[in-house]
Amino acid sequence: MSRPPGGPAIRVRPPRELRRQRRRRAHSCWDHLVAAPLWPLHGANLGTLLRTCDAVGACMAVPRFPWVPDALARGDTLRRPACVHWVNDPLGWLERQRDAGSRVVGVELADEAVRLADLPPARARTVAVLGHERSGIPGEALDLLDLAVEIPMVGGGSSLNVAVAGSLVLYKLAGLL
């Protein structure tokens, strides 16, 4: 492909073209991939993660804390409603998901963790569990995980925020990375 004289080397697709290439309606619950930030710390991260869920065709499971609906609304820039599952009892909900046959993957620094680059795409219904940004996934929930995935870091920090970590793992599980 030759570049027009004086034009940019890269053609940016206009919004109209992007809309034609993507789905026309909001997805209902596809029930295949679920992001589960069940112990959130910062509300702004929930809305950001909700946008990633839409981008990869995932649903989101969130605790029924009084501040969560406002946090989702504040960060949600989607034109259409996203798929949100409300959870009253995070541990009980995770146990029911696993008992029903879902694969439960936790994003956690653990000896047995798989590196993000080695995480295979989800072939069955998968719940991606995200813990508290300071303390991670609670100990009592670790026994409910089928697999832990670790996001390698070379800097001085020990974790990423929930929106960034969840986005990386969701894109990998969706088979888009």
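What follows is a short chat about a few spots in a predicted model.

User: Before we start, what are the ground rules here?

Analyst: Residues are numbered from 1 along each chain as its sequence is written, and side-chain values use heavy atoms, with hydrogens and water left out. As the model is predicted, local features need pLDDT of at least 70 and side-chain atom pairs count only at pLDDT 80 or more, while totals for chains, interfaces and linings use all residues.

User: Why is Arg125 called buried?

Analyst: Buried means under 20% relative accessible area, exposed over 50%, and partly exposed in between (1.4 Å probe, protein chains only). Arg125 has a relative accessible area of 18%, so buried is the label. Arg125 sits in the loop between strand S5 (114-115) and strand S6 (126-130); strands are DSSP runs of E, at least two residues, and helices are runs of H or I, at least four, numbered from the N terminus.

User: What makes the link between the side chains of Arg125 and Ser102 a polar contact?

Analyst: The distance is 2.7 Å, and the cut-off for a pair of N or O atoms is within 3.5 Å; within protein, one must be able to donate a hydrogen and the other to accept it, and residues adjacent in sequence count only if both atoms are side-chain atoms. Not counting residues up to four places away in sequence, Arg125 also touches others, including Asp31, His32 and Arg103; contact means heavy atoms within 4.5 Å.

User: Why does Ala128 count as buried?

Analyst: Ala128, in strand S6, has 3% relative accessibility, so the buried label applies. Leaving aside neighbours within four places in sequence, Ala128 is in contact with Val34, Ala35, Ala36, Val105, Val169, Leu170 and Leu173.

User: Why is the aromatic pair of Phe65 and Trp67 called tilted?

Analyst: A search of the whole structure finds one aromatic pair. Phe65 and Trp67 form that pair, at 6.2 Å centre to centre and 40° between the planes. Rings of Phe, Tyr and Trp (its six-membered ring) pair if their centres lie within 6.5 Å, and planes under 30 degrees apart count as stacked, over 60 as edge-to-face and the rest as tilted, so 40° lands in the tilted class.
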